[in-house]
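I opened this notebook to keep track of what I looked up in the structure, one topic at a time. The entries begin with a charge and a ring, and then move on to salt bridges, aromatic pairs and cores.

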Amino acid sequence: MTSRIVAVDAVSGRIHLVRGQRVMLDADLAELYGVTTKRFNEQVKRNLERFPADFMFQLTDEEHDSLRSQIATSNADESLRSHFVTSKSARGGRRYLPYVFTEHGAIMAASVLKSPQAVEMSVFVVRAFVQLRELLASSRELADRLDDLERKLSTHDQAIAGLIDAIRRLTSVPAKPSRPIGFTADLKDRKP
């Protein structure tokens, strides 16, 4: 059971948010499924009818640069950074922008590879996506509860401030008019 948790956590660390979707890089899936990225992409291209746009898409230059910087800053693992070598002059590097796969695309990729390791790892990939979905749902629920609590507290704060103000007005003693010091004549009390 512990090894499954570790495997799911390792897989969930490779899930990224691109275009509002949780996706995995082709190189990460290839590594998990025990094949080279080149072989992985060959099998995907041979079965393109199984990979509609909501299962797989190719990154743009901007998305690629953004994702590369996120991974480089969040993880010092050189093997992850090597997924992003796209210079055509770099020997052995990628010559095209990477493909990314949604949860459904990752499962479909395991089915086109048909290796025992791909089938086994697809279970971990699905569990990692489900774990992230549950985590996001629980964090949304928590955020909603905090918003409700904040709204209640602000109305309570206003009510408490009003109560304190009313209590102060009720408990305050009206000030008596002060008498001036020294001798004064009340001229209005005199009758002519």
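**Entry 1: a charge over a ring**

I looked up K45 and found that it lies over the face of Y96, at 5.5 Å from the ring centre. For this I used the rule that a charge sits over a ring if NZ of Lys or CZ of Arg is within 6 Å of the ring centre and within 35 degrees of the ring normal.

I note here that the model is predicted, that local features need pLDDT of at least 70 and side-chain atom pairs pLDDT 80 or more, while totals for chains, interfaces and linings use all residues. Residues are numbered from 1 along each chain as its sequence is written, and side-chain values use heavy atoms, with hydrogens and water left out.

**Entry 2: salt bridges**

How many salt bridges does the count come to? I found four, taking a salt bridge as a side-chain nitrogen of Lys or Arg within 4 Å of a carboxyl oxygen of Asp or Glu.

One of them joins the side chains of R14 and D28, at 3.8 Å from N to O. R14 lies in the loop between α1 (2-12) and β1 (15-18) and D28 lies in helix α2, so the pair ties together parts that are 14 residues apart in sequence. I took helices (H or I, at least four residues) and strands (E, at least two) as DSSP runs, numbered from the N terminus.

Are these two residues buried or exposed? R14 is buried at a relative accessible area of 18%, and D28 is buried at 0%, where buried means under 20% relative accessible area, exposed over 50% and partly exposed in between (1.4 Å probe, protein chains only).

I then looked at R19 and E63, whose side chains meet in a salt bridge of 2.6 Å, N to O. R19 is in the loop between β1 and β2 (21-25) and E63 is in helix α4 (residues 61-74), so this pair ties together parts 44 residues apart in sequence. R19 counts as partly exposed, at 46% relative accessibility.

R68 forms a salt bridge with D65, with the closest N and O atoms 2.5 Å apart, and both residues lie in helix α4, three residues apart, about one turn of the helix.

**Entry 3: aromatic pairs**

I counted four aromatic pairs, using the rule that rings of Phe, Tyr and Trp (its six-membered ring) pair if their centres lie within 6.5 Å, with planes under 30 degrees apart counted as stacked, over 60 as edge-to-face and the rest as tilted.

Y33 and F40 form a tilted pair, 6.4 Å centre to centre with 40 degrees between the planes, and both are buried. The rings of F40 and F101 have their centres 5.3 Å apart and their planes at 80 degrees, so this pair is edge-to-face. The pair links distant parts of the chain, with F40 in helix α3 and F101 in strand β4, 61 residues apart. Y33, F40, F51 and F101 form one aromatic cluster.

**Entry 4: nonpolar cores**

A nonpolar core is a set of buried Ala, Val, Leu, Ile, Met, Phe, Trp, Tyr and Cys residues joined through side-chain atoms within 4.5 Å. The largest has 25 residues, and those with the most contacts inside it include M24, Y33, F40 and F101. Among the elements that each supply at least two residues are α2 (26-33), α3 (37-46) and β4 (99-101), while α7 gives the most, with seven residues. A second, separate core of eight residues includes F57, L67, I71 and V100.
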